[in-house]
Structure formats: structure tokens, C-alpha cells
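Student: Could you walk me through one part of this model up close, then move on to the pockets? Please spell out the cut-offs as you go.

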Amino acid sequence: LPVKGRNGSIIGIMGTTQSYEGKKQVLQPYLQIDRAVAYIREKFRQRISVEELAALVHLSPRQLHRKFVETFGSSPQTFIMKLRVQAACEALQKEGALISEVARDLGFCDQSSFTQHFHKHVGLTPLKYLRQFRLRSL
């Protein structure tokens with residue numbers, strides 16, 4: 001930040017430092033589940049169980065759930081679903097995208113389940129989202 005003299009001219013600069021120890025407390029929950037998050041980002045199209053993730057980061061499923069809620073404000077299952085829905089939004093924006101194929105490619109058991117989850121997180125059905133996107137791109 002600039003330090004100004006009595007006449008308003010800049011006579012120096014100042015900054016602040018923060019202790020790493022203080023930030024370490026904030027980062028700690030994330031650091032403990034970092035491997036799980038990386039695994040989810042790599043394999044979110046597949047079926048992933050909480051038990052599998054917990055074993056990966058050497059936590060109990062309950063501890064993992066608590067760390068996810070503390071870090072992201074949602075459960076591991078919700079985190080995975082949001083990632084899938086985000087990928088679905090991107091996939092639906094590609095020309096010629098078919099809702100049934102997007103659902104299948106993202107690991108949904110059927111189009112109905114996909115539509116339900118998509119609507120819950122986006123506020124629109126995949127078809128309405130697709131139509132809105134196509135209208136905007138004209």
C-alpha cells in the first residue's frame with residue numbers, strides 16, 4: 001500500500017505479513033483431503049464410494065465427511081455430483097450434444113436420474129439448459 005506524506009505525495013510503501021502458522025490452521029482440513037479431491041477430479045465419471053476415498057486418505061468415512069463439509073461446505077457425494085453437473089453443462093454446450101449420451105458419459109445410471117440431479121443443481125432441466133444455451137449462441 002502507498003504511504004503518503006503530508007502534501008499527498010507518495011513517500012514509501014508498506015505491506016503486511018501473516019504468520020504461516022495461522023494460515024496452516026485454515027489449510028489443514030484441505031491438506032488432509034487433497035488426495036481425495038485429486039482422485040475425484042480424475043475419476044468423477046466413475047462410481048466412487050466414500051469408503052474408497054476415506055481409505056485413500058487414511059481417514060474414516062465419518063472423518064472424511066466432516067473434513068469435506070468443513071472445507072467445501074458439502075459432503076463428498078455432493079462434491080462429486082456438482083463436478084458431474086458442471087461437466088454436463090460444458091458437454092451440453094458442444095454442438096450436437098445429446099442429453100442421453102452426456103448422462104451416460106458422466107456416470108449417471110439413467111437419463112431420469114441425470115435430469116433430477118441437473119435440475120437440483122442448475123435450476124433447469126438439461127433440455128431447458130440446452131435450449132437456453134443454443135438461443136444465446138445464435
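Tutor: Strands here are DSSP E runs of at least two residues, and helices are H or I runs of at least four, both numbered from the N terminus; two strands pair if DSSP finds at least two bridges between them. The model is predicted, so local features need pLDDT of at least 70 and side-chain atom pairs 80 or more, while totals for chains, interfaces and linings use all residues. Numbering starts from 1 along each chain as its sequence is written, and side-chain values use heavy atoms, without hydrogens or water.

Let's start with the hairpin. Strand S1 (residues 2-4) runs antiparallel to S2, with 3 bridges joining them. Between the strands sit 5 residues, and Gly 8 takes a positive phi near 95°. Val 3 faces Gly 12 of S2 across the pair. Val 3 also belongs to a nonpolar surface patch with Ile 11 and Met 14, about 280 Å² of accessible area together (over 30% relative accessible area, no salt bridge, nonpolar side chains within 5 Å; Shrake-Rupley, 1.4 Å probe; a salt bridge puts a Lys or Arg side-chain nitrogen within 4 Å of an Asp or Glu carboxyl oxygen). Met 14 sits in the loop between S2 (10-13) and helix H1 (20-43).

Now the pockets (open sets on a 1 Å grid where a 1.4 Å probe fits, with protein on both sides within 12 Å along at least five of seven lines; lining residues have an atom within 4 Å of a point). The largest has a volume of about 320 Å³, and 14 residues line it, with Arg 47, Ile 80, Met 81, Arg 84 and Gly 107 closest to its centre. H4 (76-92) and H6 (111-122) each supply at least two lining residues, and H4 gives the most, 4. Arg 45, Glu 90 and Lys 94 are among the residues lining the second pocket.

Definitions and conventions: Points joined across faces, edges and corners; volume = space filled by probe spheres on them. Patch = residues over 30% accessible without salt bridge, like charges linked within 9 Å, V, L, I, M, F, W, Y side chains within 5 Å.
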